[in-house]
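Thanks for coming. I have one structure to go through today, so please look at the sequence and the model on the screen.

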Amino acid sequence: HDFSKLADADVIIEAVFEDINVKRDTFAKIAQHAKPSAVLASNTSSLSIDEIAQTTKSPAKIGGLHFFNPVPRMALVEVVRGKSTDDQTGATLVALAHKLGKTAVVCRDAPGFIVNRILFPYLASAIQLAQQGVGVQSIDKAMQNWGWPMGPFVLMDTIGLDVCGMIFGVLKQPLGTRVTWPDACAKAVTEKRLGRKTGRGFYVYPPKGEKGDPTVDSDFARSLSSKSIEMSESEIQSKLMRAMVDEAKRVMDEKVCNDAEAIDLAAQLGLGFPVFRGGPFRVARVTT
């Protein structure tokens, strides 16, 4: 890559592979050629902006600009401020997001930022229910009936189990048992059973071009649990949403984002949180 072409850029956005060493190496190279006033942004979904910025001499000019996939359809951008990010850099990134037609939500640099931070304990809670013997399809159906556009297992298959595993790994140390990624899921990744993109994950998908509904991968389900138990839809919904609501409260308590309305908006725009439900904080107000 010819990094010298970046010399005149006012804002530079990096979107390389989600690996901290790759990110740091790329930023070190960018910083060698960017002008001192240039704002450098990482489109990372979960890696630390502060760690990325350490490879440069101007951490004040570095922030996060996390777009959501598919980018043309997703309105949300998380603007992430590291410990050293200055006000001008933060304002520039918010203005750029708005110029691109996106809604910007500002947060502090912390594992998972806002959206992944509240999503993955919810996904982990779904996996835990499956490990207890609750059917994968029963869990997905319950959450769709609650208002989600898709259930948690279909969502993980859509994201890709390799990407999910990476984010679970990033969140494991700070969040502990709230985000456990079991051996069965790690084995699926090793065997390249990554979800929709490989045709098989928690579900088996019809070959491209062929019609048909996905069916639960019975081998994967058995590797999660040999048991089979019944659980009511309301109980499934309560357990999974409690995991998300509790994590949203922690995001506030830790001042990752101290605006409940902004967190609710991020959940709607970044996760497809049912609009009629409002968001995690509105759900908390309704249920308490």
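I start with Ala262, which touches Val105 and Cys257, leaving aside residues up to four places away in sequence. Keep in mind that this is a predicted model. Ala262 sits in helix α11, residues 260–271. Is Ala262 buried or exposed? Ala262 is buried, at a relative accessible area of 15%, and the cut-off for buried is under 20%. As for Val105, its C-alpha atom is 6.4 Å from that of Ala262, although 157 residues separate the two along the chain.

Next, helix α3. This helix runs over residues 87–99, 13 residues in total. From first C-alpha to last, α3 reaches 18 Å, close to the 18 Å expected at 1.5 Å a residue. Which residues of α3 are buried? They are Thr89, Gly90, Leu93 and Ala97. These four lie on the same side of α3, because they cover an arc of only 100 degrees around the axis. The cover over the buried residues of α3 includes the strands β2 (39–42), β3 (62–67), β4 (76–81) and β5 (103–108). On the face turned away from that buried side, α3 carries Asp87, Gln88 and Lys99, which are exposed. Just after the helix, Gly101 has a positive phi of about 80 degrees.

Last, the surface. Val16, Phe17 and Val22 make up a nonpolar patch there, and together they have about 260 Å² of accessible area. Phe17 belongs to the loop between β1 (11–14) and α1 (20–33). Phe17 counts as exposed because its relative accessibility is 63%, and the cut-off for exposed is over 50%.

Definitions and conventions
Residues numbered from 1 in each chain as written. Predicted model: local features only at pLDDT ≥ 70, side-chain atom pairs only at ≥ 80, totals over all residues. Heavy atoms only, no water. Helix = DSSP H or I, 4+ residues; strand = E, 2+ residues; numbered from the N terminus. Expected span 1.5 Å × (residues − 1). Buried < 20%, exposed > 50% of the residue type's maximum accessible area, 1.4 Å probe, protein only. Arc of directions from axis to C-beta. Contact = heavy atoms within 4.5 Å. Patch = residues over 30% accessible without salt bridge, like charges linked within 9 Å, V, L, I, M, F, W, Y side chains within 5 Å. Areas by Shrake-Rupley, 256 points an atom, 1.4 Å probe, with all protein chains shown as cover. Salt bridge = Lys/Arg side-chain N within 4 Å of Asp/Glu carboxyl O.
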